[in-house]
Amino acid sequence: MRPRILLSIFLTALFVLLSGCGNVKNCPVCGTTTADGYAIINAIPVPEHNPNGEPGGPFNSFDISWLDPVKHLDYISDRLGLAVVVVDTNQNIAVNAIQGVNAVTGAGNQASLCDPSIPPIATVFGNFTRFGCRNGFFHLISGFGANGKFGGFPGAQCCASRSNGVNPMSGPDGLEVSADGNTLFTGNGSASVVVFDLSTMNLTTNPPTGPGVIADIPTGVSADYDGPLGIAPCVASWNGEAGSAADCGDDRADEMSFDNVHKVLAVINGDPGLPFISFIDMSGVVAKNPADSLQRQHCLPIDQTLPYGPWQAGFGPADYGVNYPFQGSNTTWVPQDPGAHFNPPSCILGQIYYDGAGGAASGGVGLSATVAVDNVGGTFPCPDPSNPQTFGGASGSAASLVPGIGVTPSGVAYTIPCHHGPIVDQTLGTFCSQTAPGGNCAGAIAPAGLGGMVWDSNSGHLLLTNGNSIGITNIGSVDEIDPRLTDTSCGGVSCGPVVVNSFVTPNCMPTSITQGPGHNFLVGCADHDGEAFPPNEYIITFAPGNAINCATTPLTNCVQIYNVGGVDETWYNSGDNRYYLAARDMPNGPVMGVIDAKTNVWLENVTTGPNSHSIAVDPSTNHAFVPLQAGPTCTTLSANGCVGVFAEQ
């Protein structure tokens, strides 16, 4: 028997040598050469997911993933495990699940501890929410009390199915890791960004030690998850009412992008509805300098010992822990009555609302970039809440009776810069004069929601995708935003970020954007809700002042690719100078698209699985990591779901 085994090994080795290992089609053991196409080479199990429904069921609801190329860890939003799964991309194994008390994965036993200085969050109804830090006087009549831990993520609301899920109320959502690998930013359904200190995560212990929460920053007003009705009225309002019920608050904090140079995080809320984008100064949070004030280290609210959010008229600091926030008993929203207050995070640099303000919608009045709070001649408030009866965003308070000028529960007046989306042509979607708009120009809307974004490393400007900027469904845009970090000419306060240009992307519904080599950016094109576009993608060459034309031939600083489309997340991999696209809505089924970033030429589409909309690539191996629902692509894990590892053969 032994000679026959040795002979088999010898013949196999000889075959590999003679065939030139990289020329063997679909041969996972043959390495990652360039002789043939891509194939799945591994299926990574996700903790606590199985076909039985206990405890978490199949891995069928997930959101964004982000790969840290320094520590070779892939972070994936898992909405059924109620956690952020951590995958070691060298070993191809899940090594941790970052979680709160309510987690399915790990049963919450490894719930992250919150810094004790971080207060809890009050919802749009003035009730506490458990989807924040359970510090201080946090308590709910349902039995939840303060324990110093992160309460967790709300998971998939209401359903794991993409067709039935209520994404805007779900979590975890968008996420990103800082370039040094030490900080994780995660969007939550409670309209907040949870910041984890990854330097405190220890993967060598058993079980692993989870990272501490060093900030929990509301960028909007949280839905009322823990009141008597929960968010059932909100979920119902998503069936034909665009989530307009007051119970919804400002929806989840979702897509985001971190500027590693200036330490500014941009994040969207209100998707869809009246979406807005917030800019957060994270410099104190990521520095983790004990010499800084606690407020700067953790982006505490302006009244730093009181809960974040709205304060109903008649309640003040003395009521905290006694009468307010309510312990889950209040059944209606906190109205913007005189005497109501608001306690916002102290590190918000500004917000931009896509509410149609300016131009035709404002009697021809244009926008003003020379004020901190632009109320468009009194025609549009800023912030502009989705439901005018409630508070919205992170910058308003009725106590001052002046939109955009807030007063905290302790009586501190504050101003957080607030502006509106660009004024654009209502037929073409092109950028109009912002101060003297023409008759066919009005403020941009975003009924399909704002999408992914990226900081341009060359200019320091942000590029933000808008799936549908006017009332014509095939017109979307990429908007250029100047954060104006050093402009304090607006009455002694920061002027705040403004949109300075908008580039039309027809028949695209852009959902993502990724910077490739130099000044090139791949724009990921999806389907519009209920309307499918032919597969296409755009690669634009951007620099401030560049003319970009993707709408009419000849195209200018724009390349169109027709071989792949229906995309959600995109990724640029510096290891092989290629773009990778999670194209879940391709007409013939979901695929991973690959584009050569040097030549801007499409290379290949590889079959993935239903709702495979997330992707990240490790540049050291050029392996692509794709979360997959239960299905045959997961091979032996077909009933469970998995993270598929794809490589070139």
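How many bridges join E27 to strand E28? The count is 5, and the two strands run antiparallel. Strands here are DSSP runs of E, at least two residues, numbered from the N terminus, and helices are runs of H or I, at least four residues. Two strands pair if DSSP finds at least two bridges between them.

Some ground rules. This is a predicted model, where local features need pLDDT of at least 70, side-chain atom pairs count only at pLDDT 80 or more, and totals for chains, interfaces and linings use all residues. Residues are numbered from 1 along each chain as its sequence is written, and side-chain values use heavy atoms, leaving out hydrogens and water.

Back to the sheet. It is open, with 4 strands in the order E27-E28-E29-E30 and antiparallel pairing. Strand E27 (510-515) and strand E30 (558-561) are the edges, since each pairs on one side only.

Now salt bridges. That means a side-chain nitrogen of Lys or Arg within 4 Å of a carboxyl oxygen of Asp or Glu. There are 10. Asp63 and Arg79 meet in one, at 3.3 Å, N to O. Asp63 lies in strand E2 and Arg79 in the loop between strands E3 and E4, so the pair ties together parts 16 residues apart in sequence. Both are buried, meaning under 20% relative accessible area with a 1.4 Å probe, protein chains only.

Arg252 also bridges to Asp63, with the closest N and O atoms 3.9 Å apart. This pair ties together parts that are 189 residues apart in sequence.

Terms used:
Buried means under 20% relative accessible area, exposed over 50%, partly exposed in between (1.4 Å probe, protein chains only).
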